[in-house]
Amino acid sequence: MQRQVCMEMGAFCFHTFSERTETDMKVEGQVRIPSGCAIAAVISREGNRMTGERIINAMKPMHERSNGLGGGFAGYGIYPEYKDFYALHLFFNERAARKNCETFLKERFEIVQTEIIPTRKITSITDEPIIWRYFVAPLKSALISQQLDEKEFVVRTVMKINTEMPGSYVFSSGKNMGTFKAVGFPEDVGVFYKLDEYEGYSWTAHGRYPTNTPGWWGGAHPFTLLDYSIVHNGEISSYDANRRFIEMFGYTCTLQTDTEVITYIMDYLTRAQGLTLEEAANVIAAPFWSTIETKKDETERKKYAYLRTAFSSLLVTGPFSIVLGFRGGLMALNDRLKLRSMVVGEKDDMVFIASEETAIRTMEPAAENISAPAGGEPVIIRVKDGAF
Amino acid sequence: MVIDATNRSYRAINNILRQSEGKFHIIGCCGQRFLGAGMSGRAITIDGVPGNALGAYLDGAGITVNANAQDAVGDTMNDGEIVIHGSIGDAAGYAMRGGRIFVKGDAGYRAGIHMKEYEGKVPVMVIGGVAGSFLGEYQAGGVIVVLGLGSAGRRIVGRFPCTGMHGGKMFLRGACGNIAFPPQVTARTADEADLEEIRGYVSSYCALFGCRLQEVLDAPFTVVTPDSKNPYQQMYVAN
């Protein structure tokens, strides 16, 4: 088993290689590829929509944090004309896989629009798979026969395609949002997907720095499920413990990349368990027991202790900084030791989040209130009601 | 010499800096890393936010930043002076073994970790605002001063300061009743002899950033030192 660990701390990247096997070139999912990375995000609290140009530019000063083996974006509010339909973005290896998958989708959904996702031919992005999107609504009859609510039905469909249909992969499945990702540097990926032609009220972005990769497009960030998307800089030590727990609840981790499991954890805690985002943050980045003991308010102390105890298998250890995108907002969170950098800034109704202040300055030179949230303290920004 | 950093890579900028000694003014800086790394004999002023590892392995040069700076400022620096007219990110002065870092505002997590000293070579870091968690973790030498100016009710340092500290000194302006230190260090109120030790550093800070020395010193200081020369001898094995 080949294993690579890339921990980007400040400017330095330490690579540790253990034994390498003869079959060096495994596909993603057979080999675990954690990543170092750059993240950035922007949101308008007023719900004003902006093109993807700004978030693409944000990635440029952080070029050295990526190595060209993965870049991606998530945009929210980009499909207003189809806002009531799930937007499924899929990669296909070949035409036959697409035909097969479309037959499967038709049995489960009303498909109101089917199209190739428009791309630009640029020399820096090559070997693209077949990339399509479908705007769909679950068939009432299918929901009734399976006794599932709509979201659970979509989740199970995504899991089924991604685990049982080789050559087909759903990489985005939310409403009025979409993920765009590829093998390449993020600034090139944004140009490839023509993100300058989309308008959203929030955007997240990621540049990936794995030490080695089979170069599969699905392995790039963001990782999404329904309206949730995650971009992540770090290396999660608790991946297997988290994965074993979350797989008991119908989620299947197909990629063995740590970010995928965080996406499913957030979906499980908030959608299935009904926790607030703040509570979910206190599960995955739970304070130390010694810190909980110092809380003066007893109710607060009991709450932290309860969250740590009830969901102990979902404590995420190891370095991470993440931005979670959701319908109407963003949440930024560092691991409790804050082993990765993350900076937040503001200007008027806009809020900016990035691995480096320079990314924020590129988006808004006059950004104010630059601050670095403490480890384990979530920063949640919501668009005002009704504006998305 | 003025260097316009716009559309220049860190390599290009550092190459210009290496070609001659003297004064440089870098304008339009935005994220270029490693600026001034390993350099001596130069005075470099930077407008804009420089990238990570500013002045890493610095060997005598002076660097002034008229903005915030990011992570790993002065990483393993040996000599020279870094002045930041703003705040700095995480891991400033990591393993520094000489020279001085002055920060007008706040420092992020892990400032001054692994600082060390040898004989006359004593690194100094003065943070004007507040510092994040793990300040001076594994500090083995040198002097860290945190003034807490403009703290507006925030703690002067986050959690777990001085963890694993086994050398050097840390000075925190204030009584620090709300700060939990590990059992292997001693935190006590600084006496006059202690304050005399940092008067020069604080005076430099005040001269750089324009504040009154007497007002800054007119407050109780807490000084933190390791308990003995080998406070951790029983932690893993007897050594």
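At what angle do helix α6 (residues 239–246) of chain A and α7(A) pack? The structure is a predicted model, in which local features need pLDDT of at least 70 and side-chain atom pairs count only at pLDDT 80 or more, while totals for chains, interfaces and linings use all residues. Residues are numbered from 1 along each chain as its sequence is written, and chains are lettered from A and ligands numbered from 1 in the order in which they are written.

Helices α6(A) and α7(A) pack at an angle of about 40°, and their axes are 10 Å apart. Helices (H or I, at least four residues) and strands (E, at least two) are DSSP runs, numbered from the N terminus. Axes are lines fitted to C-alpha atoms, for helices over the stretch in contact, and angles run from 0 to 180 degrees between N-to-C directions. The two helices α6(A) and α7(A) are therefore oblique to each other; angles under 35 degrees count as roughly parallel, over 145 as roughly antiparallel, 65 to 115 as roughly perpendicular and the rest as oblique. The crossing of α6(A) and α7(A) is left-handed, a term used if the near helix is turned anticlockwise from the far one by less than a right angle, with right-handed used if clockwise. On α6(A), the contact is made by A:Y239, A:N242, A:R243 and A:I246, and on α7(A) by A:D258, A:V261, A:Y264, A:I265 and A:Y268. Two residues are in contact if their C-beta atoms, placed from the backbone, lie within 7 Å. The contact of α6(A) with α7(A) comprises six nonpolar residues, one polar and two charged. Here Ala, Val, Leu, Ile, Met, Phe, Trp, Tyr, Cys and Pro count as nonpolar, Asp, Glu, Lys and Arg as charged, and the others, Gly among them, as polar.

Helix α7 (residues 258–272) of chain A also meets helix α8 (residues 277–284) of chain A: their axes come within 9 Å and cross at roughly 130°. That makes α7(A) oblique to α8(A), and their crossing is right-handed. Residues A:I265, A:M266, A:L269 and A:T270 of α7(A) make the contact with A:L277, A:A280, A:V283 and A:I284 of α8(A). Seven of the residues in the contact of α7(A) with α8(A) are nonpolar, one is polar and none is charged.

Strands pair if DSSP finds at least two bridges between them. Three bridges join β13(A) to the antiparallel strand β14 (residues 228–234) of chain A, and A:Y228 in β14(A) is the bridge partner of A:L225.

Another open sheet, of seven strands, has the order β10-β5-β12-β3-β18-β17-β19 (chain A) with antiparallel pairing. Within chain A, strands β5 (residues 71–76) and β12 (residues 202–207) run antiparallel and are joined by six bridges; A:S202 in β12(A) is the bridge partner of A:Y76.

Between the chains, 17 residues of chain A are in contact with 21 residues of chain B. Helix α11 (residues 357–363) of chain A gives the most to the side of chain A that touches chain B, with four residues.
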